Amino acid sequence: MRDAGLVLPRNDPRQYDELADEWWRPDGVFAMLHWLARARAALVPPAARPGALLVDLGCGAGLLAPHLAGKGYRHVGVDLTRSALTQAAAHGVTAVNGDATAVPLVDGCADVVAAGELLEHVPDWRAAVAEACRLLRPGGLLVLDTLNDTALARLVAVRIAERLPTVPRGIHDPRLFVDDRELVTECARHGVDLSVRGVRPGVSGLLRWLFRQARGAATPPGQEPRIVPTGSPAILYQGHGVRDG
Ligand SMILES: C[S@@+](CC[C@H](N)C(=O)[O-])C[C@H]1O[C@@H](n2cnc3c(N)ncnc32)[C@H](O)[C@@H]1O
(Lines give C-alpha, C1' and ligand atoms only; values in the text may rest on other atoms or scores of the structure.)
Protein backbone atom coordinates (compact mmCIF):
# COMPACT_ATOMS: atom_id res chain seq x y z
CA MET A 1 0.00 0.00 0.00
CA ARG A 2 1.23 3.48 -0.73
CA ASP A 3 1.22 5.38 2.51
CA ALA A 4 0.40 8.91 1.44
CA GLY A 5 -0.17 9.97 5.03
CA LEU A 6 3.47 9.40 5.90
CA VAL A 7 4.60 12.25 3.67
CA LEU A 8 1.59 14.57 3.58
CA PRO A 9 0.07 16.36 6.58
CA ARG A 10 -2.87 14.67 8.28
CA ASN A 11 -6.16 15.11 6.41
CA ASP A 12 -4.42 16.64 3.39
CA PRO A 13 -6.88 16.17 0.47
CA ARG A 14 -3.93 15.27 -1.80
CA GLN A 15 -3.93 11.89 -0.06
CA TYR A 16 -7.02 11.05 -2.10
CA ASP A 17 -5.06 11.63 -5.31
CA GLU A 18 -2.27 9.37 -4.04
CA LEU A 19 -4.83 6.70 -3.18
CA ALA A 20 -7.04 7.19 -6.24
CA ASP A 21 -6.80 3.61 -7.44
CA GLU A 22 -7.93 2.31 -4.05
CA TRP A 23 -11.49 3.71 -4.17
CA TRP A 24 -13.22 0.91 -6.02
CA ARG A 25 -11.12 -1.99 -4.67
CA PRO A 26 -13.57 -3.82 -2.39
CA ASP A 27 -10.70 -4.98 -0.17
CA GLY A 28 -8.57 -1.87 -0.57
CA VAL A 29 -7.81 0.79 2.02
CA PHE A 30 -11.25 2.33 1.49
CA ALA A 31 -13.08 -0.98 2.07
CA MET A 32 -14.96 0.33 5.07
CA LEU A 33 -16.30 3.23 3.00
CA HIS A 34 -18.06 0.62 0.85
CA TRP A 35 -19.68 -0.94 3.93
CA LEU A 36 -20.71 2.49 5.24
CA ALA A 37 -22.11 3.54 1.86
CA ARG A 38 -24.39 0.53 1.87
CA ALA A 39 -25.61 1.37 5.39
CA ARG A 40 -26.11 5.06 4.49
CA ALA A 41 -28.10 4.21 1.38
CA ALA A 42 -30.37 2.02 3.50
CA LEU A 43 -31.53 5.25 5.22
CA VAL A 44 -32.61 6.75 1.89
CA PRO A 45 -36.18 5.88 0.82
CA PRO A 46 -37.19 5.60 -2.83
CA ALA A 47 -37.68 9.02 -4.41
CA ALA A 48 -41.11 10.49 -3.74
CA ARG A 49 -41.30 12.39 -7.02
CA PRO A 50 -39.93 12.22 -10.56
CA GLY A 51 -36.66 14.11 -10.98
CA ALA A 52 -35.78 13.96 -7.29
CA LEU A 53 -32.23 15.12 -6.55
CA LEU A 54 -29.77 13.59 -4.11
CA VAL A 55 -26.74 15.78 -3.38
CA ASP A 56 -23.79 13.76 -2.09
CA LEU A 57 -21.39 16.13 -0.30
CA GLY A 58 -17.81 14.84 -0.29
CA CYS A 59 -18.91 12.08 -2.66
CA GLY A 60 -15.38 10.81 -3.29
CA ALA A 61 -15.42 8.28 -6.12
CA GLY A 62 -19.19 7.78 -5.85
CA LEU A 63 -19.28 4.65 -3.70
CA LEU A 64 -22.87 5.46 -2.76
CA ALA A 65 -24.03 5.18 -6.37
CA PRO A 66 -24.56 1.40 -6.70
CA HIS A 67 -26.57 1.35 -3.48
CA LEU A 68 -28.97 4.02 -4.79
CA ALA A 69 -29.68 2.15 -8.01
CA GLY A 70 -33.40 1.86 -8.61
CA LYS A 71 -34.35 4.44 -5.96
CA GLY A 72 -35.11 7.08 -8.57
CA TYR A 73 -32.71 9.90 -7.72
CA ARG A 74 -30.47 11.98 -9.89
CA HIS A 75 -27.20 11.68 -7.97
CA VAL A 76 -25.11 14.85 -7.87
CA GLY A 77 -21.74 14.58 -6.12
CA VAL A 78 -19.70 17.49 -4.79
CA ASP A 79 -16.05 17.00 -3.91
CA LEU A 80 -12.73 18.85 -3.73
CA THR A 81 -10.81 15.99 -5.34
CA ARG A 82 -10.93 15.88 -9.12
CA SER A 83 -9.39 12.40 -9.41
CA ALA A 84 -12.21 11.04 -7.26
CA LEU A 85 -14.88 12.94 -9.19
CA THR A 86 -13.67 11.42 -12.47
CA GLN A 87 -14.37 7.99 -11.00
CA ALA A 88 -17.71 9.13 -9.55
CA ALA A 89 -18.77 10.34 -13.00
CA ALA A 90 -17.87 6.95 -14.45
CA HIS A 91 -20.37 5.47 -11.97
CA GLY A 92 -23.22 7.71 -13.07
CA VAL A 93 -22.76 10.58 -10.63
CA THR A 94 -23.12 14.14 -11.92
CA ALA A 95 -19.81 15.48 -10.65
CA VAL A 96 -19.36 18.99 -9.26
CA ASN A 97 -15.90 20.11 -8.23
CA GLY A 98 -16.45 22.27 -5.17
CA ASP A 99 -16.16 22.76 -1.45
CA ALA A 100 -18.86 21.39 0.84
CA THR A 101 -18.73 24.68 2.73
CA ALA A 102 -19.65 26.71 -0.37
CA VAL A 103 -21.65 24.50 -2.70
CA PRO A 104 -22.48 25.96 -6.12
CA LEU A 105 -26.10 24.75 -6.06
CA VAL A 106 -29.29 26.70 -5.30
CA ASP A 107 -31.17 26.74 -1.99
CA GLY A 108 -33.73 23.98 -1.53
CA CYS A 109 -32.72 22.01 -4.62
CA ALA A 110 -32.23 18.65 -2.89
CA ASP A 111 -34.70 15.99 -1.83
CA VAL A 112 -31.83 14.25 -0.02
CA VAL A 113 -28.42 15.47 1.09
CA ALA A 114 -25.85 12.81 1.99
CA ALA A 115 -22.62 13.59 3.83
CA GLY A 116 -20.85 10.29 4.31
CA GLU A 117 -17.53 10.35 6.15
CA LEU A 118 -17.15 14.01 5.22
CA LEU A 119 -17.63 16.23 8.26
CA GLU A 120 -14.59 14.85 10.09
CA HIS A 121 -12.46 16.04 7.16
CA VAL A 122 -13.76 19.62 7.02
CA PRO A 123 -11.99 22.19 9.21
CA ASP A 124 -15.26 24.17 9.51
CA TRP A 125 -17.79 21.34 9.79
CA ARG A 126 -20.48 23.79 10.91
CA ALA A 127 -20.23 25.54 7.55
CA ALA A 128 -20.71 22.21 5.78
CA VAL A 129 -23.77 21.46 7.93
CA ALA A 130 -25.21 24.89 7.11
CA GLU A 131 -24.71 24.16 3.41
CA ALA A 132 -26.28 20.71 3.68
CA CYS A 133 -29.35 22.18 5.35
CA ARG A 134 -29.52 25.10 2.91
CA LEU A 135 -29.59 22.70 -0.03
CA LEU A 136 -32.49 20.68 1.39
CA ARG A 137 -36.02 21.42 0.30
CA PRO A 138 -38.62 21.54 3.12
CA GLY A 139 -39.31 17.92 4.02
CA GLY A 140 -35.98 16.88 2.51
CA LEU A 141 -33.81 14.28 4.24
CA LEU A 142 -30.26 14.66 5.58
CA VAL A 143 -28.25 11.44 6.00
CA LEU A 144 -24.70 11.37 7.27
CA ASP A 145 -22.07 9.41 9.12
CA THR A 146 -18.97 10.65 10.86
CA LEU A 147 -16.50 10.08 13.70
CA ASN A 148 -17.19 11.42 17.16
CA ASP A 149 -14.99 13.87 19.04
CA THR A 150 -14.16 11.48 21.87
CA ALA A 151 -11.02 9.95 23.32
CA LEU A 152 -12.38 6.53 22.35
CA ALA A 153 -12.82 7.54 18.70
CA ARG A 154 -9.29 8.96 18.62
CA LEU A 155 -7.94 5.72 20.11
CA VAL A 156 -9.86 3.37 17.82
CA ALA A 157 -10.02 5.32 14.55
CA VAL A 158 -6.52 6.78 14.65
CA ARG A 159 -4.14 5.14 17.10
CA ILE A 160 -5.33 1.57 16.59
CA ALA A 161 -6.80 1.62 13.07
CA GLU A 162 -3.81 3.37 11.52
CA ARG A 163 -1.56 0.53 12.70
CA LEU A 164 -3.52 -1.86 10.47
CA PRO A 165 -2.35 -2.32 6.89
CA THR A 166 -5.95 -1.79 5.80
CA VAL A 167 -6.22 1.85 6.91
CA PRO A 168 -4.34 4.77 5.32
CA ARG A 169 -2.07 6.47 7.84
CA GLY A 170 -2.79 10.16 8.29
CA ILE A 171 -6.17 10.09 6.55
CA HIS A 172 -7.83 11.55 9.66
CA ASP A 173 -6.98 14.54 11.79
CA PRO A 174 -8.59 13.74 15.14
CA ARG A 175 -8.85 17.43 15.94
CA LEU A 176 -11.63 17.61 13.33
CA PHE A 177 -13.84 14.86 14.79
CA VAL A 178 -17.45 15.95 15.39
CA ASP A 179 -19.25 15.84 18.72
CA ASP A 180 -22.65 14.22 18.14
CA ARG A 181 -24.53 16.57 20.50
CA GLU A 182 -23.00 19.64 18.87
CA LEU A 183 -23.95 18.25 15.47
CA VAL A 184 -27.57 17.74 16.57
CA THR A 185 -27.66 21.31 17.93
CA GLU A 186 -26.18 22.72 14.74
CA CYS A 187 -28.63 20.85 12.52
CA ALA A 188 -31.53 22.09 14.67
CA ARG A 189 -30.31 25.69 14.19
CA HIS A 190 -30.75 25.09 10.46
CA GLY A 191 -34.15 23.43 10.68
CA VAL A 192 -33.16 19.76 10.65
CA ASP A 193 -34.17 17.53 13.55
CA LEU A 194 -31.27 15.06 13.46
CA SER A 195 -31.41 11.65 15.15
CA VAL A 196 -28.10 9.90 15.70
CA ARG A 197 -27.16 6.32 16.48
CA GLY A 198 -23.83 4.60 16.92
CA VAL A 199 -22.78 2.13 14.26
CA ARG A 200 -19.90 -0.30 13.82
CA PRO A 201 -18.97 -3.24 11.60
CA GLY A 202 -20.56 -6.50 12.77
CA VAL A 203 -17.95 -8.43 14.76
CA SER A 204 -18.13 -11.81 13.01
CA GLY A 205 -18.09 -10.28 9.53
CA LEU A 206 -15.19 -8.03 10.49
CA LEU A 207 -13.15 -10.90 11.93
CA ARG A 208 -13.75 -13.00 8.80
CA TRP A 209 -12.73 -10.03 6.67
CA LEU A 210 -9.53 -9.42 8.69
CA PHE A 211 -8.69 -13.13 8.46
CA ARG A 212 -9.13 -13.08 4.68
CA GLN A 213 -7.01 -9.91 4.49
CA ALA A 214 -4.24 -11.60 6.47
CA ARG A 215 -4.30 -14.52 4.00
CA GLY A 216 -4.46 -12.19 1.01
CA ALA A 217 -7.81 -13.70 0.00
CA ALA A 218 -10.47 -11.63 -1.78
CA THR A 219 -13.87 -11.09 -0.22
CA PRO A 220 -16.53 -13.04 -2.13
CA PRO A 221 -19.35 -10.77 -3.37
CA GLY A 222 -21.99 -10.34 -0.69
CA GLN A 223 -19.62 -11.41 2.12
CA GLU A 224 -18.50 -7.89 3.09
CA PRO A 225 -18.93 -6.97 6.77
CA ARG A 226 -22.27 -5.33 7.53
CA ILE A 227 -22.56 -2.07 9.45
CA VAL A 228 -24.82 -2.61 12.46
CA PRO A 229 -26.27 -0.29 15.11
CA THR A 230 -24.48 -0.16 18.42
CA GLY A 231 -25.45 1.20 21.82
CA SER A 232 -23.22 4.25 21.82
CA PRO A 233 -22.29 6.88 19.23
CA ALA A 234 -18.92 7.35 20.95
CA ILE A 235 -16.83 6.24 17.96
CA LEU A 236 -18.74 6.19 14.68
CA TYR A 237 -22.31 7.33 14.19
CA GLN A 238 -25.00 7.84 11.59
CA GLY A 239 -27.45 10.73 11.57
CA HIS A 240 -30.67 11.27 9.72
CA GLY A 241 -33.26 14.02 9.92
CA VAL A 242 -35.88 15.89 7.94
CA ARG A 243 -35.81 19.61 7.19
CA ASP A 244 -38.78 21.45 8.61
CA GLY A 245 -41.06 23.85 6.77
C1 LIG B 1 -13.44 9.73 3.55
S2 LIG B 1 -13.82 10.32 1.97
C3 LIG B 1 -15.55 9.90 1.86
C4 LIG B 1 -16.01 9.80 0.42
C5 LIG B 1 -17.44 9.32 0.24
N6 LIG B 1 -18.40 10.15 0.92
C7 LIG B 1 -17.57 7.89 0.68
O8 LIG B 1 -18.11 7.67 1.77
O9 LIG B 1 -17.09 7.01 -0.04
C10 LIG B 1 -13.87 12.07 2.21
C11 LIG B 1 -14.10 12.83 0.92
O12 LIG B 1 -14.41 14.18 1.26
C13 LIG B 1 -13.75 15.02 0.34
N14 LIG B 1 -13.62 16.32 1.00
C15 LIG B 1 -12.86 16.65 2.07
N16 LIG B 1 -13.06 17.94 2.41
C17 LIG B 1 -13.98 18.42 1.54
C18 LIG B 1 -14.62 19.66 1.38
N19 LIG B 1 -14.34 20.72 2.20
N20 LIG B 1 -15.50 19.81 0.39
C21 LIG B 1 -15.79 18.79 -0.45
N22 LIG B 1 -15.22 17.58 -0.35
C23 LIG B 1 -14.33 17.39 0.64
C24 LIG B 1 -12.46 14.33 0.02
O25 LIG B 1 -11.93 14.78 -1.21
C26 LIG B 1 -12.93 12.87 -0.04
O27 LIG B 1 -13.34 12.53 -1.32
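**Notebook: ligand shell and sheet**

I began with the ligand and found 19 residues around it, of which Gly58, Asp79, Thr81, Ala100 and Gly116 come nearest, a residue being near when one of its heavy atoms lies within 4 Å. I note that this is a predicted model, in which local features need pLDDT of at least 70 and side-chain atom pairs count only at pLDDT 80 or more, while totals for chains, interfaces and linings use all residues. Residues are numbered from 1 along each chain as its sequence is written, and side-chain values use heavy atoms, with hydrogens and water left out.

**Ligand contacts**

A polar backbone atom of glycine 58 is 2.6 Å from a nitrogen atom of the ligand, and a backbone N or O atom of alanine 100 lies 2.8 Å from a ligand nitrogen. On the side-chain part, an N or O atom of aspartate 79 is 2.6 Å from an oxygen atom of the ligand. I then checked the cover: the ligand taken alone exposes 590 Å², and the protein buries 96% of that (Shrake-Rupley method, 1.4 Å probe). Sorted by class, the shell holds 9 nonpolar, 6 polar and 4 charged residues, where Ala, Val, Leu, Ile, Met, Phe, Trp, Tyr, Cys and Pro count as nonpolar, Asp, Glu, Lys and Arg as charged, and the others, Gly among them, as polar.

**The sheet**

I traced an open sheet of 8 strands in the order 3-2-1-4-5-8-6-7, with mixed pairing; strands are DSSP runs of E with at least two residues, and helices runs of H or I with at least four, numbered from the N terminus, and two strands pair if DSSP finds at least two bridges between them. Strand 3 (94-97) and strand 7 (227-230) are the edge strands, each pairing on one side only. Neighbouring strands are turned against each other by 25° on average, direction ignored. Helix 4 (residues 82-90) packs on this sheet, touching strand 2 (74-79) and strand 3, and its direction makes about 165° with that of strand 3; contact here means heavy atoms within 4.5 Å, and axes are lines fitted to C-alpha atoms, for helices over the stretch in contact, with angles from 0 to 180 degrees between N-to-C directions.

**Pairings around strand 8**

I followed strand 5 (residues 136-147), which runs antiparallel to strand 8 (residues 236-243) and is joined to it by 7 bridges, with leucine 141 opposite valine 242. Strand 6 (residues 192-201) is likewise antiparallel to strand 8 over 7 bridges, and arginine 197 stands opposite glutamine 238.

Note on methods
Polar contact = N/O pair within 3.5 Å; in protein donor to acceptor, adjacent residues only side chain to side chain.
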